[in-house]
Amino acid sequence: MNPRIYVLTLVTFAFGSGAFIFAGLLESLAADLGVTTAVAGQLQTVFVLTSAVLGPVAAWLFGRVDRKIMVMAALALGLALHLACAMTPNFETLMVLRALAGLAGAMSGPAASVAAASLVPPERRGSALAMVSGGMTLAFVVGIPLGSIVGAAFDWRATFLLAAGLSAIALTAVVFFLPKVPAPPKRVGGGDTLKVLLPTIWPFYLTTFLTFAANMTLNLYIAPIVRVGAGVTGAGVGAFQAMIGVGSIAGLWLGARAADRNAGKSWILQGFIIQATAMSVHFAATHHVLPDGWPSAVLVALGIFLAATALFSITPVIQSSLIQATGGAPVALALNGSVISVGQALGSTVGGAALAAYGVPAIPAAALAMSLTALITLTFLFPRAATVEEAKAEAEKA
């Protein structure tokens, strides 16, 4: 593997940590700023909605800009906004700052993916994308749990200072170690090409949307899930968040293998079966089917592990398929990033609504319903690999 891929992994680690750094402190953040936990959860909703709306716009406006410059600009913007979040005087201002932070995420994701794909041969593309996605794994193993520990020791504002520090480290690495990565040729993913491809590749976007919607319904509210299911609060939540990282390691390994061998539909469906199983485990844990203490804690940890395995095994397959079909077109990848954001926004909204209306046990129930809906829908709609190749051939003619 090209060692520069690890620099891009550091980029996604910084952004992944910053995106969820406050999740373990959500309840204390809400209490400090005078809002409910469900309302505080909408900090993530505005983040991902901004990313969804501005991602394709940024890709179109800066499509001809070197990918290294794009990543550097996104990291610098994220650094400034994390510092501002740490000093925010009220919830309303924090909402605005988190919305602006979504722009940084929208700029970084597609640029990092295109850079990774360009630094390796085609047969290693799935593994390279999995490695870059591994930055999110590292975020859940180290960055986000560390944020919970720092926040418990000091306060929730310290978590944003930590996020700013991680962005500064990643920015330094990019400046000194990442080479220039020219944007893809303008003809790739142009208007006519994308129009030809959309009837075939839209199920990829649908898969991304359903995956992140179901996962985020529960993941943002991990603190109350752990509190109710395992009886753990404060810094102890960080240990359970680390299980997301462990599960994502397994998921990325499985997803990279599936992407490299072009497994496609078969693995996507298996991934949703795993995700539905995870939400069923969480549903059981929040209803205390096992005795309090370590049995309940193990059950909650198992649910977190399985959900992360499902999410991170599906992501490389979709990214690799999109890059293969579109030649790494910035707008096509930005659209996928937007779909991720819309899925996250729906999930955080559904999870917050379930929490407000019926309490914590309703969160995994809602996530399970979404996972099963996705499994049934994609059984009929996800395309065969041959269909994608046929559409790509038509796009190249166009």
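I take a polar contact to be a pair of N or O atoms within 3.5 Å, where within protein one must be able to donate a hydrogen and the other to accept it, and residues adjacent in sequence count only if both atoms are side-chain atoms. Helices (H or I, at least four residues) are DSSP runs, numbered from the N terminus.

This is a predicted model, in which local features need pLDDT of at least 70 and side-chain atom pairs count only at pLDDT 80 or more, while totals for chains, interfaces and linings use all residues. Residues are numbered from 1 along each chain as its sequence is written, and side-chain values use heavy atoms, with hydrogens and water left out.

**Helix starts and spans**

I looked up H8 and found that Asp-155 caps its N-terminal end, with a side-chain oxygen 3.1 Å from the backbone nitrogen of Arg-157. The expected span of a helix is 1.5 Å times one less than its number of residues; for the 22 residues of H8 (residues 156–177) this should be 32 Å, and the end C-alpha atoms are 32 Å apart, which agrees.

I then turned to H6, where a side-chain oxygen of Asn-90 comes to within 3.3 Å of the backbone nitrogen of Glu-92 at the helix start. H6 (residues 91–118) has 28 residues and reaches 41 Å from first C-alpha to last, close to the expected 40 Å.

**Gln-42**

I located Gln-42 in helix H4 (residues 42–61). Buried means under 20% relative accessible area, exposed over 50%, and partly exposed in between (1.4 Å probe, protein chains only); Gln-42 counts as buried because its value is 19%. Its side chain reaches the backbone oxygen of Ala-38 at 3.0 Å. With neighbours within four places in sequence left aside, Gln-42 is in contact (heavy atoms within 4.5 Å) with Met-95, Tyr-221, Ser-348 and Thr-349.

**Val-281**

I placed Val-281 in helix H12 (residues 265–286), and at 12% relative accessibility Val-281 is buried. Leaving aside neighbours within four places in sequence, I noted contacts from Val-281 to Leu-299, Gly-303 and Leu-306. The C-alpha atoms of Val-281 and Ala-307 are separated by 9.7 Å, the two residues being 26 residues apart along the chain.

**Nonpolar patch**

I found a nonpolar surface patch of about 450 Å², made by Leu-138, Val-141, Val-142, Leu-146, Ile-149 and Ile-249. Such patches are made of residues with over 30% relative accessible area and no salt bridge, nonpolar side chains (Val, Leu, Ile, Met, Phe, Trp, Tyr) being joined within 5 Å and like charges within 9 Å; a salt bridge is a side-chain nitrogen of Lys or Arg within 4 Å of a carboxyl oxygen of Asp or Glu. Accessible areas come from the Shrake-Rupley method with a 1.4 Å probe. Helix H7 (residues 125–153) gives the most to this patch, with five residues. Leu-138 lies in H7 and, at 37% relative accessibility, is partly exposed.

Key
Helices (H or I, at least four residues) and strands (E, at least two) are DSSP runs, numbered from the N terminus.
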